[in-house]
Amino acid sequence: MRVVPRALWPAALIGLAFFQARCQSRLRPWVPPQEVRAKIISEATFLRTGLGDYVEGYLAECESHFQTETVVMVLELPCYRLGDRLIVTGRLTDDSVRLPLGDRTEGRIPVFDVTAAKPNVPKAPVIPALK
Amino acid sequence: MRARPVSRPALGLAALLVLAGCRSGPSEGWSSRARTMILTSGPTAIVMSSSQVPGYWAREAESEQEFFLYTPVRSYEKGGRVTVEGPFGVASAAVFRDEEGTYLRRSPTRVLVVWKMAGADGRSDKGPASREAAGHARRP
């Protein structure tokens with residue numbers, strides 16, 4: 001009878017550790033990165049997020065599924081300029097930044113974590129020649 | 001129980017090989033030989049572990065491999081030919097390519113920590129991580 005509880009102890013401890021880790025972590029399920037078109041609407045700024053992280057990035061207008069959303073685009077090397085149009089790959093995080101929106105109101109701007117970015121150079125439309 | 005006479009030299013040879021293997025270390029990442037590089041960028045920076053690392057992008061003249069030369073020296077120009085010494089290894093870094101205007105957060109990059117850098121004009125610079133600074137100076 002004593003052999004069975006002895007064998008169950010490690011399993012019970014591992015289960016308890018996983019349960020505690022799940023309760024305490026801020027992790028969320030993995031989401032694939034998405035590609036969006038963005039336009040930078042601010043200079044590079046150093047910000048503190050709602051979760052207490054200090055990040056460097058830009059305010060940007062992201063276009064996705066025909067909707068425009070203002071986000072804080074976080075890059076480790078801020079090398080773009082105000083007005084640059086980019087194709088950005090990354091993920092929206094659970095974090096946000098409080099910024100004044102005017103009229104004494106504060107808005108929560110979501111944080112977009114950038115993994116890759118390249119300039120969005122629009123191609124000239126192909127117009128068929130008149131016959 | 002007497003050991004066979006043949007097994008003793010074999011054991012000695014095996015021990016020698018094990019000892020040599022332990023002492024030699026990996027061939028990549030640790031080389032003090034001078035390398036000739038062509039700078040493919042001006043002074044720039046990459047980010048490793050949330051820290052900005054200053055330096056230059058360069059292409060090795062022999063192997064055409066691309067390196068990031070970690071040095072605080074900012075006086076060299078793009079296209080210059082330099083001779084560098086120092087250890088190197090592959091790191092995951094956030095990089096920005098000026099030519100294409102692209103940013104990549106986790107890019108596998110060969111980083112060479114410059115111990116000594118000399119330009120074609122004979123000017124020589126030592127990096128912050130030079131052997132002397134790191135305490136690896138050869139004692140007389």
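**Exercise 1. Find the bridge partner of Ile46(B) in β3(B), then describe the strand pairing around Ile46(B).**

Step 1. Ile46(B) has Val53(B) as its bridge partner in β3(B). The model is predicted; local features need pLDDT of at least 70, side-chain atom pairs count only at pLDDT 80 or more, and totals for chains, interfaces and linings use all residues. Residues are numbered from 1 along each chain as its sequence is written, with chains lettered from A and ligands numbered from 1 in the order in which they are written.

Step 2. Place the strands. β2(B) covers residues 44–48 and β3(B) covers residues 51–60. Strands are DSSP runs of E, at least two residues; helices are runs of H or I, at least four residues; both are numbered from the N terminus.

Step 3. β2(B) and β3(B) pair antiparallel over five bridges. Pairing requires that DSSP finds at least two bridges between two strands.

Step 4. Look at the turn. Two residues separate β2(B) and β3(B) in a hairpin. Ser49(B) in this turn has a positive phi of about 50°.

**Exercise 2. Summarise the fold of chain B: how many helices and strands does chain B have?**

Step 1. Count one helix and nine strands. Along the sequence the pattern is α-β-β-β-β-β-β-β-β-β.

Step 2. Check burial. Chain B has 140 residues, and 24% of them count as buried. Buried means 20 or more other C-beta atoms within 10 Å of the residue's own, with C-beta atoms placed from the backbone.

Step 3. Check contact range. Take contacts in chain B between residues at least 6 apart in sequence: 53% join residues at least 24 apart. A contact needs C-beta atoms, placed from the backbone, within 7 Å.

**Exercise 3. Which element gives the most to the side of chain B that touches chain A?**

Step 1. Start with the totals. The contact takes nine residues from chain B and 10 residues from chain A.

Step 2. On the chain B side, β6(B) (88–97) and β7(B) (102–113) are the elements that give two or more residues. β7(B) gives the most, with four residues.

Definitions and conventions. Two residues are in contact if their C-beta atoms, placed from the backbone, lie within 7 Å. A residue is buried if 20 or more other C-beta atoms lie within 10 Å of its own, exposed if 12 or fewer, and partly exposed in between; C-beta atoms are placed from the backbone.
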